[in-house]
Amino acid sequence: MSSARVDYIAPWWTYWLHQFPHVNLRFQPLDHTFNPQDENYQQSLIFLGCVAAAGLGVNLLCLAIYLSCLCCCRKDEEEEESKKSNSCCVTWAAVAAGLICCVAVGVGFYGNSETNDGVYQLTYSLYNANHTLAGVDSLVTGTVGGMQGGLNEHLSRLGEIFAARGDFVQRLQFMQQMSENIMKQLLGLPDWEKAKVDLAAIADQTAYVEYYRWLTYLLILILDLVICLAACLGLAKQSRWLLTTMMVCGVLTLILSWASLGADVATAVGTSDFCVAPDKFLMNQTKDVISSDIVHYYLYCSQTLPNPFQQFVLQSLTVFQRSLTTMQIQIQGLLQFAVPLFPTAERDLLSIQHLLNNSEASLHQLTALLDCRGLNKDYLDALIGVCYDGVEGLLYLCLFSLLAACAFSVMLCAIPRAWRQIANRDRDYDDIDDGDPFNPQSRRMMSHRSEQGNMHSFCSYSSSMGSQTSLHPPTQAVTNAPLNQSALFGGNPRYENVPLIGRGSPPPSYSPTMRATYLSMTEDQIRHYGEDFRA
């Protein structure tokens, strides 16, 4: 068509995506025209998905080479320097992966929302257009049915009643010609029935697919965020099992990110091919359903350029209005002159008058619905929703997939180093000499052994004490009665088995009985038992 689009201008990103190479699976270049029914065009979109799959393969290959080098070249590194450098690398890699993942999730949420808004605007416009076309079809069908059924029936009865009056019969014949003319004009209007069904089916299917697409991406975004946070938590807590689990989940998420990238790129390119020339595609799709002049009238809706369909509609509606006006004049005359002579004709004449009034009201509604501005507005809203919000949202989702792939690639590089550091740290702890006095674990073991030795010393000392005679005041002689621990500590179990006595130090506190026993010992007993009880 020679008319230029004024209200709709395709955004620059659709032209950029439209220039992407279109190649089928046999590597043959194709035309960039949007044609989803063509098998070669479908293959060109599948080829874009295969490019994303190749990117996934390269990514996994690079990760495999990196992990292989990490395992093989680890022995050549200097132990002391590697600990410092690896710790720094793991820290910065974890920080970079966390930041990139957070940015990716934010971009993904925005892109998912934008795409959903664009698709919602498309379905809303399709439902509005379907409602308009259904209204046109209902008005045309109702008016034609009323003319063919009710009007002809009333005119037939009036013809029998006015059989004796030729002038009245002539008026009825003229009204019959007017009704046929009205039906002819109405039947000349476009039949929207098939287009209406197609629009409703497209809207329902689009809304169904979009709901599950939006929900799937929402789950993917939440999953990416949870995996990233769990990996950071595993690095912070140095948990082996958590890092291993997150590494497996990271590989799966990496595959999912590249798969979503391929699907988003293919969808964005195909949608951009449509957005660059939407009028051409719609003209080709509706050429077997509706006249091209009618489609041109509603797609462009130019008030300055002449349009054959616009003239046709205005002419049909004008003839419809004039015919109704003429018939109403005839009915008014018959009510005035024929009813006094034929009273039985009044009921049929009033019914015809009521039918003509309803037809006139339908004419005004039909005129408003057939105006191009309503359907053209729905068409432009659908284009803006798909080509602006929808394609823009898809581009943000592509960016999300790339950022997520980068984040999880960095995370998969950092986790093996962190896991290896945890293993080396545990091995270093196991290799520490137990006799090293600077080893905290060794000091604890030495202290525990010392306490056990003091306990044995005190027990042996107590046994030797038990073999001696009991202690008595200085006025009494020394006896061979055994001195057990209960007697020594006054029968109070609190002072039994005190390890400090075995090291030559007094217990922290003395019971009154123990103090009296100690003071009652003679010099010979003190020399015999040693200086253990001296304060």
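1. Among contacts in the protein chain between residues at least 6 apart in sequence, 76% join residues at least 24 apart. Contact here means heavy atoms within 4.5 Å.

2. A word on the basis. This is a predicted model, in which local features need pLDDT of at least 70 and side-chain atom pairs count only at pLDDT 80 or more, while totals for chains, interfaces and linings use all residues. Residues are numbered from 1 along each chain as its sequence is written, and side-chain values use heavy atoms, with hydrogens and water left out.

3. Overall make-up. The protein chain has 16 helices and 0 strands. Both are DSSP runs numbered from the N terminus: helices are H or I of at least four residues, strands are E of at least two. Of the 535 residues, 40% count as buried. Buried means under 20% relative accessible area, exposed over 50%, and partly exposed in between (1.4 Å probe, protein chains only).

4. Record annotation. An unreviewed UniProt entry places the feature "transmembrane region" at residues 45-67, 88-110, 214-234, 241-261 and 394-415. Such annotations may be inferred rather than shown by experiment. In the model, residues 214-234 are 100% helix and 0% strand, with end C-alpha atoms 30 Å apart. Residues 394-415 are also 100% helix and 0% strand. Their end C-alpha atoms lie 31 Å apart.

5. Helix 2 against helix 6. Helix 2 covers residues 39-72 and helix 6 covers residues 240-276. Their axes come within 9 Å and cross at roughly 155°. Axes are lines fitted to C-alpha atoms, for helices over the stretch in contact, and angles run from 0 to 180 degrees between N-to-C directions. Helix 2 is therefore roughly antiparallel to helix 6. That term applies to angles over 145 degrees; under 35 is roughly parallel, 65 to 115 roughly perpendicular and the rest oblique. The crossing is right-handed, meaning that the near helix is turned clockwise from the far one by less than a right angle.

6. Residues of that contact. Helix 2 contributes residues including Tyr-41, Leu-45, Leu-48 and Gly-49. Among those from helix 6 are Trp-258, Gly-262, Val-265 and Val-269. By class, the contact of helix 2 with helix 6 has 15 nonpolar, 5 polar and 1 charged residues. Ala, Val, Leu, Ile, Met, Phe, Trp, Tyr, Cys and Pro count as nonpolar; Asp, Glu, Lys and Arg as charged; the others, Gly among them, as polar.

7. Val-269. This residue is in helix 6. Val-269 is buried, at 0% relative accessibility. Leaving out residues up to four places away in sequence, Val-269 touches Leu-17, Phe-20, His-22, Tyr-41, Leu-45 and Leu-48. Leu-394 is 125 residues away along the chain, yet its C-alpha atom is 9.8 Å from that of Val-269.

8. Helix 7 against helix 8. Helix 7 (residues 278-285) packs on helix 8 (residues 292-300) at about 150°, with axes 10 Å apart. The two are therefore roughly antiparallel. Their crossing is right-handed. Asp-279, Leu-282 and Met-283 of helix 7 meet Ser-292, Val-295, His-296, Leu-299 and Tyr-300 of helix 8. The contact divides into 5 nonpolar, 2 polar and 1 charged residues.

9. Ser-401. This serine lies in helix 11 (residues 372-430). Ser-401 is buried, with a relative accessible area of 1%. Beyond residues up to four places away in sequence, Ser-401 touches Ser-257, Ser-260, Leu-261 and Asp-264.
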